[in-house]
There are 2 protein chains.
Amino acid sequence: MVVLLLFLPVIANGEVFTRSDLDRAAQLRDAAKDSGRAFGIVESLVTEVGHRMAGTPNDAKGVAWAVAKMKSMGFDRVYTQPVSFPVWDRGYESAAIIAPTPQPLTITALGGSIGTPEGGIRASVVAFATIAELEKAPAGSLRGKIAYIGNRMQRARDGSGYGPAVAARVSGAVFAARAGAAAVLIRSIGTDAQARTPHTGTMRYDNMLTRIPAAALGNIDADALEAVLSLGETTVELNLGSRVRNGSYTSANVIGEVLGSETPDEVVVIGGHLDSWDLGQGALDNGAGVAITMAAGELIAALDERPKRTVRVVAFANEEQGIWGGKAYAAAHKDSVGKHIIGAESDFGAGRIYRMSTRVRAEALPVIQAMHQVLAPLEIVLGPNDATGGADLSTMRDAGMPLLGLNQDGSNYFDYHHTSADTIDKIAPGDLDFNVGVYAAMAYLAAQAGPVF
Amino acid sequence: MVVLLLFLPVIANGEVFTRSDLDRAAQLRDAAKDSGRAFGIVESLVTEVGHRMAGTPNDAKGVAWAVAKMKSMGFDRVYTQPVSFPVWDRGYESAAIIAPTPQPLTITALGGSIGTPEGGIRASVVAFATIAELEKAPAGSLRGKIAYIGNRMQRARDGSGYGPAVAARVSGAVFAARAGAAAVLIRSIGTDAQARTPHTGTMRYDNMLTRIPAAALGNIDADALEAVLSLGETTVELNLGSRVRNGSYTSANVIGEVLGSETPDEVVVIGGHLDSWDLGQGALDNGAGVAITMAAGELIAALDERPKRTVRVVAFANEEQGIWGGKAYAAAHKDSVGKHIIGAESDFGAGRIYRMSTRVRAEALPVIQAMHQVLAPLEIVLGPNDATGGADLSTMRDAGMPLLGLNQDGSNYFDYHHTSADTIDKIAPGDLDFNVGVYAAMAYLAAQAGPVF
């Protein structure tokens, strides 16, 4: 990296980009407007493939779709990168209040959960307001009970309600098992309150503790359960047919490249994850991100000249169940992290980008400021230099790759996230067009930027 | 009826009601304000009973609940009236697109549908835009196919989109069977478009034709099916475990009366149906109507003096699957229709009343106008004299009973009607308070009105 310092004077002179670079970036920014191009990509994906849950037949169909789609888009190179992982099957799932007032509960198994014994689990429910409360339950105190965690996720544009809330989903089974519970139920990690749509998502076990079944109730069902609990002792039956299969499945990251004209080994990487959960269509999570970044790559591939560096679009395999695609990508590139100029990941639904945050070396901030000037007419603000980025690029980030965070408005994202309602009707085509322009312009400039990057 | 003419001069003099009657009606109109009383009744019902699908254990629990609740409310008499009917079991229900792009479809069986053979039905789908199109399909032309009807219900305050749309649900199986289809799928009769909530509801068979399974897709699932159909031949698998049980079940209408002080055999009847579908809580359909009319009766029972005529509140059994409670009520009163001064039924969710329509003899219109004066401050308009009323009082109406239509705003009702999302969170307590006041005031005045009524 020391060699880069030799070029710093270029930045110091304020000549971060040529006029032509900036003009071209502005053209890219506006090129997708009213095209509906990225929406068409999502529509093709959810219609011709449907969901892409990792390890299902639709996973392979999704990979084939992405390869064919990218090949049709003018990328110089399209290839796959194998990604292997264990497969979790959802199986059947149902629950009901048995006493005192029998009624069905709409639930969904959390990803990775074991099933219940044949015939289900019938047990009295013990409610905890938060996972912190459950964590205080003494060992053995929940023997033969179902633990319920009631915390409600808060809505926010930046999705900041997710982190505090999701601990119940991720670690609920661990703390419940430690207290001896037979199963754990949580209020869904989601902001919707109108429909009975439970939100799935991964959870984890502690290898030193018993594995117990874990499922999420829709918000309305959680309200109903709490109302019944207020009457007194409440028995719930839980039936889950979920299980982790023996052996592993090999899917693939699908990669399309616009090869750099000067330093093709230097890479600007953008992407999203191709896999989804099985309940909905995976239109927001993450057909949208795949489509935005593929369409951005297509716009760059359509320029008269190749940019100096390579722009790489990655449709990652199996993000949902353990960031397997992101980790495989990082493993494949462990010796070339330094060649990754910057990475940007779209995995926050289909809302418009309202902020550009970063995680770059201080020396690169003038470049970022110059890049941001192209976005200023879109009223995108420049955020702080402490971006954490998305899941798929997190391993590369930890290895030192700089990040560009093109933050999307997530006000409504968690109404649909990981539910059956994650369907294409939730996407406004114009919002995707907007984001495609931003990704194309920023990826292009990063590929043209001076060597400080 | 001729005897009534003797009293016409009272009306002609303009002395329809005494000042004290009108003052008391105005007090009743305002008495429920901010009380949350009817909401509390619905909350009790859905928490302590849950749904009340006809013939299920919850049906009996609902009847017991209504008897106990009415007994606690100050009615002079609370009793039940037996209602017998066949029982339909929903059983399991699932569907999926099998080819060309496998994906689950969210469906629900239509009430009364037979099940599919063991292992389900797999068949190619033939789409029709409307039931009128399906009706044109030649006999035998759909042999071995699944007919799909795509018409979409339109939103309207008065629910006027329901009638034209619901024909697909009620008669779809008849026309599909006539053309030889193996099953029928319809786009749900509902106005929602955000969640995957199929709408159930009754359908009918033609005894001269083969009975075929019938189910509704959520609006989003209907969109998805149509998108896949646009790719070419589409195979769907349908699995329904529904069936009609042998024998019959006896539930009950639950009746509470505030006995009239002068002519107790003359009755003003108000009510709603206690049964519901099983998918949701039956909070809107029709916990709300039961609560509104029970609370209105309670307010009248709490007056210092009994009204002249009897005010009767009926919580009808099994409206959903064939108006069995309403028919049983009419059969029990076939010799006393003329003693039913007027009837009003709340079965349109929890929206505010915006109009009072009627179906009365022309001679009674001055009474209606006088009654309406009490509602004018609430901005309730007086509608035409051609009301058709609700289902439960339709047999009494056909037998000659006059109707009061207290029309509720149903703009959002069909977002939730007959779905899993028919839950208590959809009810604004203040709207129920408002309606309770209207029902109490109108029932009171009808019970006080002169003999022209």
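How many residues does the contact take from chain B and from chain A? The legends below, drawn from a predicted model, begin with this contact.

**View 1. The contact between chain B and chain A.** The contact takes 25 residues from chain B and 25 residues from chain A. On the side of chain B that touches chain A, helices α3 (37-48), α4 (57-71) and α7 (219-229) of chain B each supply at least two residues. The largest share comes from α7(B), with four residues. By class, this side of chain B divides into 10 nonpolar, 11 polar and four charged residues. Of the interface residues of chain B, 100% are also interface residues in chain A, so the copies meet through the same surface.

**View 2. The rotation axis relating the two chains.** Chain B is superposed on chain A by a rotation of 180° with 0.0 Å of shift along the axis, at an RMSD of 0.0 Å. This is the relation of a two-fold axis. Ala195(B) is the residue of chain B that comes closest to the rotation axis, its C-alpha lying at 3.2 Å.

**View 3. The open sheet of chain A.** Eight strands of chain A form an open sheet with mixed pairing, in the order β4-β3-β10-β6-β7-β8-β9-β5. Strands β4 (103-105) and β5 (107-109) of chain A stand at the edges; each has a single partner strand, so one side of each is left without a neighbour in the sheet. On average, neighbouring strands of this sheet are turned by 35° against each other, direction ignored.

**View 4. Pairing of β6 and β10 in chain A.** Strand β6 (residues 121-128) of chain A pairs with strand β10 (residues 235-240) of chain A in the antiparallel sense, over four bridges. Ile121(A) has Leu238(A) as its bridge partner in β10(A).

**View 5. Packing of α2 and α13 in chain A.** The axes of helix α2 (residues 19-31) and helix α13 (residues 429-448) of chain A come within 6 Å and cross at roughly 160°. That angle makes α2(A) roughly antiparallel to α13(A). The crossing of α2(A) and α13(A) is right-handed. Residues of α2(A) in the contact include Asp21(A), Arg24(A), Leu28(A) and Arg29(A), and those of α13(A) include Val438(A), Tyr444(A), Leu445(A) and Gln448(A). The contact of α2(A) with α13(A) has eight nonpolar, two polar and four charged residues.

Definitions and conventions
Residues are numbered from 1 along each chain as its sequence is written. Chains are lettered from A and ligands numbered from 1 in the order in which they are written. This is a predicted model: local features need pLDDT of at least 70, side-chain atom pairs count only at pLDDT 80 or more; totals for chains, interfaces and linings use all residues. Two strands pair if DSSP finds at least two bridges between them. Axes are lines fitted to C-alpha atoms, for helices over the stretch in contact, and angles run from 0 to 180 degrees between N-to-C directions. Copies are superposed by least squares on the C-alpha atoms of residues with pLDDT of at least 70 in both. Two residues are in contact if their C-beta atoms, placed from the backbone, lie within 7 Å. Angles under 35 degrees count as roughly parallel, over 145 as roughly antiparallel, 65 to 115 as roughly perpendicular and the rest as oblique. A crossing is left-handed if the near helix is turned anticlockwise from the far one by less than a right angle, and right-handed if clockwise. Ala, Val, Leu, Ile, Met, Phe, Trp, Tyr, Cys and Pro count as nonpolar, Asp, Glu, Lys and Arg as charged, and the others, Gly among them, as polar.
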